[in-house]
Amino acid sequence: MFNPAYTLLIFTLFFNIFTSVQAVEKQSNHYGVHGMTLFGGKDGLFASHLPMYHQPHNVQMVMQFHFANEKVENSVRQQLQQQSSSPQQLWTIVPQPFDLMTLHPKMSDELPQLHIEVVKGHFERGGSTQFKAQKIIIEKVILFSTLNIEKEQPKSASAQYQKIAVSPNSPNQFLIKRLGNRPEADHLLRVLNYDLSKVTQLSVPIKSGLTESIHPSTTAITEALGKQNHHHELSAASVIEIYLETRELQ
């Protein structure tokens, strides 16, 4: 005898299986080795995925994390703090291959733990390994945005920077460029000795047709910060460029 409720149940089960398979297939498009910039200081650590405009790397992601090994945690924090005023303060981490979509805030309430190597400098450009086989605990994902890989799309006339800090009054304050349509610039900066407690987003005009057509200069960023923060004086030396990449984001 025909049972509508039973038929609906079977249909629901097949639909859930189908959508689950689709989700797994979609996730697999972002499986790979996802290198990241490592930054922070004495009060906490962050990592920013090194994005590109092709799979599996077409995601901008910033997370806060800590090392499972307390000695390594303290050592990395201390070294980053000591280098906070240095023009050369780039560190990177190299996780074992994983699906980047597992870090999407809507995927799961439980963030994965990653196994990584820690490199002073860029891991693909002559950096030196400092720590191997380390486990990190992801505390939260601050920024996660899938990038549009299509070419020749409209671009904004201004660059949008997001502040990254452990707390509003943290002495370690960073700005990272929010990525839009290609071509773009992966741009990470540290701001020293300046009150950014009331700043969460910063908009900086981009000068079309010049070398700043993809990203603003540190001078332009300094000026924009001064205007947003009631024209408080900010030295250009207080804005330090940690990382800038344009070649991989064309």
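Predicted model: local features only at pLDDT ≥ 70, side-chain atom pairs only at ≥ 80, totals over all residues.
The protein chain has 250 residues, of which 44% count as buried. Its secondary structure consists of three helices and 13 strands. Among contacts in the protein chain with a separation of 6 or more, 68% are made by residues 24 or more positions apart.

The largest nonpolar core comprises 26 residues, and within it Leu-38, Met-63, Phe-67 and Leu-103 have the most contacts. Two or more residues of this core are given by each of several elements: helix H2 (70–82) together with strands E2 (36–41), E3 (44–49), E4 (59–67), E5 (91–95), E7 (113–120) and E8 (128–146).

When residues up to four places away in sequence are not counted, Leu-103 touches Met-61, Met-63, Phe-98, Leu-111, Pro-112, Ile-138, Val-141 and Phe-144. One of these partners, Met-63, is itself among the core residues with the most contacts.

Asn-58 is located in the loop between E3 and E4. Asn-58 counts as buried because its relative accessibility is 4%, and the cut-off for a buried residue is under 20%. Apart from residues up to four places away in sequence, Asn-58 touches His-30, Met-52, Ser-145, Thr-146, Leu-147 and Ile-149.

Definitions and conventions:
Residues numbered from 1 in each chain as written. Heavy atoms only, no water. Core = buried A, V, L, I, M, F, W, Y, C linked by side-chain atoms within 4.5 Å. Buried < 20%, exposed > 50% of the residue type's maximum accessible area, 1.4 Å probe, protein only. Helix = DSSP H or I, 4+ residues; strand = E, 2+ residues; numbered from the N terminus. Contact = heavy atoms within 4.5 Å.
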